[in-house]
Amino acid sequence: MQAALEVTAKYCRSELEEYGTCVSSKPGSWQQDCHEQKVKVAQCTSSHPIIRKIRTQCAEPFAAFEQCLKQNQAAVENCSKHVTEFLQCAESVKVSEQTQN
């Protein structure tokens with residue numbers, strides 16, 4: 001996939017998997033029940049320049065995606081448009097730090 005997503009998966013795979021498993025297993029209450037896992041993902045990704053750059057440049061589509069998730073906790077599939085918009089933004093970010101560890 002795109003460079004930013006690859007970096008996230010490379011450096012934060014276990015945190016992302018734990019969060020995804022939690023969200024999937026608690027469709028009606030994941031916002032509350034998976035907060036700890038969400039924080040772990042955020043802490044992991046915040047240390048990588050590529051992720052910080054995407055967060056800055058794509059803050060608006062990400063916020064719209066998060067808002068959609070809050071409004072559709074039992075039907076997260078309703079937010080696919082928001083996911084697509086965020087991913088398109090993330091793909092467009094120029095990542096000069098891609099090769100740094």
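Begin by selecting Cys12 and Cys44, which are joined by a disulfide with an S to S distance of 2.0 Å; a disulfide is taken here as a pair of cysteine sulfur atoms within 2.5 Å. The model is predicted, so local features need pLDDT of at least 70 and side-chain atom pairs count only at pLDDT 80 or more, whereas totals for chains, interfaces and linings use all residues. Residues are numbered from 1 along each chain as its sequence is written, and side-chain values use heavy atoms, with hydrogens and water left out.

**The Cys12 to Cys44 bond**

The torsion about the S-S bond of Cys12 and Cys44 is about -95 degrees, so this disulfide is left-handed. The pair links distant parts of the chain, with Cys12 in helix H1 and Cys44 in helix H3 (residues 35-45), 32 residues apart. Helices (H or I, at least four residues) and strands (E, at least two) are DSSP runs, numbered from the N terminus. Are these two cysteines buried or exposed? Cys12 counts as buried at 0% relative accessibility, and Cys44 counts as buried at 13%. Buried means under 20% relative accessible area, exposed over 50%, and partly exposed in between (1.4 Å probe, protein chains only).

**The Cys58 to Cys89 bond**

Next, select Cys58 and Cys89, a disulfide with an S to S distance of 2.0 Å. Cys58 lies in the loop between helix H4 (49-57) and H5, and Cys89 lies in helix H6 (residues 80-92), so the pair, 31 residues apart, links distant parts of the chain. The torsion about the S-S bond of Cys58 and Cys89 is about -95 degrees, so the disulfide is left-handed. Cys58 is buried, with a relative accessible area of 1%; Cys89 counts as buried at 17%.

**The Cys68 to Cys79 bond**

Move on to Cys68 and Cys79, joined by a disulfide with an S to S distance of 2.1 Å. Its torsion about the S-S bond is about -95 degrees, so this disulfide is left-handed. Cys68 belongs to helix H5 and Cys79 to the loop between H5 and H6, 11 residues apart. Both Cys68 and Cys79 are buried. Which residues does Cys68 touch, not counting those up to four places away in sequence? They are Asn78, Cys79 and His82, where contact means heavy atoms within 4.5 Å.

**The nonpolar cores**

Now select Tyr19, Cys22, Val23, Trp30, Cys34, Val41, Phe65, Cys68, Leu69 and Cys79, the 10 residues of the largest nonpolar core. Helix H1 (3-25) and helix H5 (59-71) each supply at least two residues of this core. A nonpolar core is a set of buried Ala, Val, Leu, Ile, Met, Phe, Trp, Tyr and Cys residues joined through side-chain atoms within 4.5 Å. A second, separate core has eight residues, including Ile51, Cys58, Phe86 and Cys89.

**The whole chain**

Finally, display the entire chain, which has six helices and zero strands. The structure holds four disulfides, and their pattern is 1-4, 2-3, 5-8, 6-7, with bonded cysteines counted along the chain. Of the 101 residues in the chain, 30% are buried. Among contacts with a separation of 6 or more, 60% are between residues 24 or more positions apart. The accessible surface comes to about 6500 Å², of which 50% belongs to carbon and sulfur atoms; the areas come from the Shrake-Rupley method with a 1.4 Å probe, and for residues only the protein chains shown count as cover.
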